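Work through these exercises with the structure open beside you. Try each task before you read its solution.

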Amino acid sequence: MAYLDSFKPDKGLLEDLILTPGVSGFEDPVRSYILEFLGKYGKPRVDRLGNIIFEAGGEGPRLLIAAHMDELGLLVTGIEESGLLAFRKVGGIDDSILPSTHVVVHGSKGPVPGVIGAEPPHLRITRKAGEQGYKPWHELRIDVGAESREEAVEMGIEPFTPVVFRKQVTYMAGERYVATRGIDDRAGCATLMELLRLVSNGVVRPRVELILAWTVEEEIGIIGARALARELEPDYFIAVDTMTCCHPSLTGSTRLGAGPVVRAMDNYYITSPRLAKAVYKAGSTRGLQVQVATAGGGTDAAAFHYSGVPSVAVSVPVQYTHSLVEKMHTGDYAGWTRLLAAVVESGLED
Ligand SMILES: [Zn+2]
């Protein structure tokens with residue numbers, strides 16, 4: 001039997017994390033959820049930026065594994081006389097996905113449902129053939145049904161209120177795939193929690209001094225991880241984050257369903273080859289599927305690498321990243337925890 005073959009991730013945990021809001025800089029709800037979980041296993045710590053740090057025990061090289069808890073979203077920038085809300089984007093969101101979406105505005109009086117409208121084709125009398133069918137973000141507004149500024153304020157909305165896209169978790173081909181907004185990186189957050197559960201239950205015995213972290217503000221420039229890198233100075237760092245698949249040049253032959261990915265390089269840095277090899281070996285010698293790839297984008301690993309800590313990102317391949325339908329293979333997802341468990345048990349030996 002292959003290593004940790006019987007491991008089955010907790011679907012409820014993943015869905016809860018996905019459905020809990022936490023736009024970059026406004027991570028409170030998702031942080032509370034994670035802290036409550038961690039409270040069952042020990043004493044988590046929260047630093048001044050809001051990163052969560054948890055000492056999970058074990059002896060050996062000091063290994064920090066982190067996932068980012070923040071997500072893409074919007075921020076209300078103003079309320080117009082009409083009651084419509086102006087907004088800006090938080091994180092890398094393509095304008096094409098904005099129109100015709102359902103959103104939730106997280107105001108001071110609780111969640112307020114709303115929509116971002118779209119221009120009906122019936123009314124496009126001036127547009128020329130070939131012109132794009134959607135407006136840039138700054139010409140769009142959030143409609144919460146308020147008919148005046150006063151009414152929107154009465155709903156608990158003001159400038160600087162975070163907004164998330166309404167999420168729908170869709171399982172496809174049985175449960176082979178799951179697609180929803182928020183796989184990036186709530187799947188990573190859940191994976192660290194699964195790993196902790198295995199370590200705490202004695203199923204996985206760390207041969208490293210294991211520290212787990214859930215970081216803030218990754219999506220707007222790996223902010224939380226930069227602070228953490230200065231504070232913790234581990235021997236090694238692993239970012240657990242999604243990877244955009246599948247581009248014939250950028251990500252090569254990487255595909256969904258062939259296991260988690262060791263990211264050898266992305267747009268920010270080239271990974272520590274020794275560490276990447278150690279991760280690959282930990283998995284492959286235990287019979288686990290592991291892919292190696294280069295990627296676009298970046299992860300928290302860059303922040304640690306910049307501060308002199310050998311780092312690597314271990315990812316799950318995802319299609320349609322940063323959209324409302326990020327798609328992940330459930331086998332890759334289970335394999336993610338198994339690979340990290342293998343790494344922790346390997347002691348990161350050459
Ligand atoms: Zn991410």
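Helix axes are lines fitted to C-alpha atoms over the stretch in contact, and angles run from 0 to 180 degrees between N-to-C directions. Helices (H or I, at least four residues) and strands (E, at least two) are DSSP runs, numbered from the N terminus. This is a predicted model: local features need pLDDT of at least 70, side-chain atom pairs count only at pLDDT 80 or more, and totals for chains, interfaces and linings use all residues. Residues are numbered from 1 along each chain as its sequence is written.

**Exercise 1.** Find how H4 and H8 cross.

*Solution.* Start with helix H8, residues 330-346. The axes of H4 and H8 come within 9 Å. They cross at roughly 50°. Next, find the residues in contact (C-beta atoms, placed from the backbone, within 7 Å). On the H4 side they include Ala 187 and Leu 198. On the H8 side, Trp 336 and Leu 340 are among them.

**Exercise 2.** Work out where the buried residues of H1 sit.

*Solution.* In H1 (residues 11-19), Leu 14, Leu 17 and Ile 18 are buried. Look down the helix axis: these residues fall within an arc of 100° (taken from the directions from the axis to the C-beta atoms), so they line one face of H1. They pack against helix H2 (28-38), strand E11 (177-180) and helix H4 (183-200). Now compare axes. Those of H1 and H4 come within 9 Å and cross at roughly 135°. H1 and H4 are therefore oblique to each other.

**Exercise 3.** Identify the residues that touch the most other members of the largest nonpolar core.

*Solution.* A nonpolar core is a set of buried Ala, Val, Leu, Ile, Met, Phe, Trp, Tyr and Cys residues joined through C-beta atoms within 7 Å. The largest has 81 residues, and Leu 192, Val 279 and Leu 340 touch the most other members. H4 gives the largest share, ten residues. A second, separate core has 25 residues, including Val 23 and Met 155.

**Exercise 4.** Decide whether Arg 166 is buried, exposed or partly exposed.

*Solution.* First locate Arg 166: the loop between strand E9 (162-165) and strand E10 (170-172). Then count: 15 other C-beta atoms lie within 10 Å, so Arg 166 is partly exposed. Not counting residues up to four places away in sequence, Arg 166 touches His 102, Val 103 and Val 104.

Terms used
A residue is buried if 20 or more other C-beta atoms lie within 10 Å of its own, exposed if 12 or fewer, and partly exposed in between; C-beta atoms are placed from the backbone. Two residues are in contact if their C-beta atoms, placed from the backbone, lie within 7 Å. Angles under 35 degrees count as roughly parallel, over 145 as roughly antiparallel, 65 to 115 as roughly perpendicular and the rest as oblique.
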